Every structure is written in C-alpha cells, then in structure tokens.
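I opened the model to look up its aromatic contacts and its sheet. My entries follow.

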Amino acid sequence: MTTYDATRAHIFLYTFKEGMLSALAHDLKLEVTRADVQIDEAAKTVTAEIAADSLRVVTVMKKGQEARDELGPDHFKKIEKAIVDDVLHASKYPKIRFTSTAVREHDGGVAIEGTLELHGRSRSIAFAARRVGEVWTAQLDLHQPDWGITPYSAMMGTLKVKPTLQVSLSVPAA
C-alpha cells in the first residue's frame with residue numbers, strides 16, 4: 001500500500017460564479033493542503049481523507065486560465081474563511097472521506113467507484129483515472145446540494161457560486 005500526503009497527492013477544486021452580478025465575482029482554483037490518500041494496487045482499493053478546513057485559494061481563474069494578481073492575500077483569507085465556516089461547516093464536519101468499493105481496469109485507465117462522506121452525508125460516486133506519464137489523474141464534478149451543502153451566495157443571491165464544482169486529483173504512479 002502506498003500513502004500520499006498533500007505534498008504528493010494534489011487535489012484541486014474549481015468553483016464557478018453565476019448570478020446577475022457574476023461580473024463582480026471570480027472563478028477560483030482551490031487546493032487541499034491536508035490530505036492522506038492510500039492506494040493498494042494489490043487489493044485494488046483507494047481511500048482518502050481530507051481535512052475540511054484545509055482548502056486554500058491558489059488563484060483566480062478567468063476563461064479557464066489562472067489570473068494571478070486579481071485578488072490579494074486578504075481577499076483569499078476571507079474567501080477561505082467563508083468556505084470553511086459557511087459552506088463546509090468544518091467545525092461540525094471536519095473530515096471528508098472517500099472509500100472505494102470497486103476499482104477496475106477500464107478503457108486504458110481505471111474505473112473507480114466508492115462512497116464519499118462529505119458534510120455529514122454519504123453518497124456513491126464513480127470516476128475514471130488515467131495514467132499520464134508518471135502521474136495518475138482523475139477529474140469529477142460534485143454537485144454540492146447532493147451533500148446538503150448550500151453553495152455560497154451574497155447580495156441576496158445576485159452573486160453566487162454554481163452548485164457544481166470540479167475536482168481534479170493527481171498522484172504519482174507507483
């Protein structure tokens with residue numbers, strides 16, 4: 001079994017704005033800074049545990065590209081606090097966990113099914129991972145309301161985050 005922490009297993013979340021005043025908002029790239037991912041190739045299992053309070057803003061995104069220097073560190077800290085306190089309620093739900101129930105070779109990659117525990121709820125999810133050079137990568141969409149999460153909104157809902165966010169994962173190939 002191989003264990004990766006957040007320095008070797010990279011987990012990014014991408015949020016997207018919507019609403020009447022969305023021109024004032026920012027799409028964001030967030031990074032998980034505390035996580036443990038365990039992969040057991042022999043047993044064909046994957047588990048992950050993420051600290052819900054470990055999301056950090058990496059950068060603002062514009063048209064799918066990183067847009068550095070759009071916001072400063074003070075804005076990032078306010079956004080991170082809102083995510084941890086008001087969206088994820090990390091003091092009540094401190095851990096996000098994934099446990100695979102099936103891992104199978106599929107179309108040149110691996111199909112992974114499992115249970116994601118998030119915000120006090122458990123749901124089945126499935127996604128594909130593929131090897132790109134010396135790294136395994138996977139992407140999936142998460143619809144926040146499926147886990148009882150109300151996406152962030154401000155200004156009486158005229159400025160908000162779309163309910164679906166993207167998750168991108170990568171770990172070194174063994």
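I checked burial at Phe 98 and Phe 127 and found both buried (under 20% relative accessible area, with exposed over 50% and partly exposed in between; 1.4 Å probe, protein chains only). This is a predicted model, where local features need pLDDT of at least 70, side-chain atom pairs count only at pLDDT 80 or more, and totals for chains, interfaces and linings use all residues. Residues are numbered from 1 along each chain as its sequence is written, and side-chain values use heavy atoms, leaving out hydrogens and water.

I searched the whole structure for aromatic pairs and got one. The ring centres of Phe 98 and Phe 127 are 5.7 Å apart and the planes meet at 55°, so I logged the pair as tilted. (Rings of Phe, Tyr and Trp, the last by its six-membered ring, pair with centres within 6.5 Å; planes under 30 degrees apart are stacked, over 60 edge-to-face, the rest tilted.) Phe 98 belongs to strand E9 (residues 95–106) and Phe 127 to strand E11 (residues 121–132), so the pair ties together parts 29 residues apart in sequence. Strands (E, at least two residues) are DSSP runs numbered from the N terminus.

I then looked for charges over rings (NZ of Lys or CZ of Arg within 6 Å of the ring centre and within 35 degrees of the ring normal). Lys 29 has its charged end over the ring of Phe 12, 4.5 Å from the centre. For Arg 123 over Trp 147, I noted 5.7 Å.

Last, I followed E11 to strand E12 (residues 135–143): four bridges join them, and they run antiparallel. Arg 130 stands opposite Thr 137 in E12. Strands count as paired if DSSP finds at least two bridges between them.
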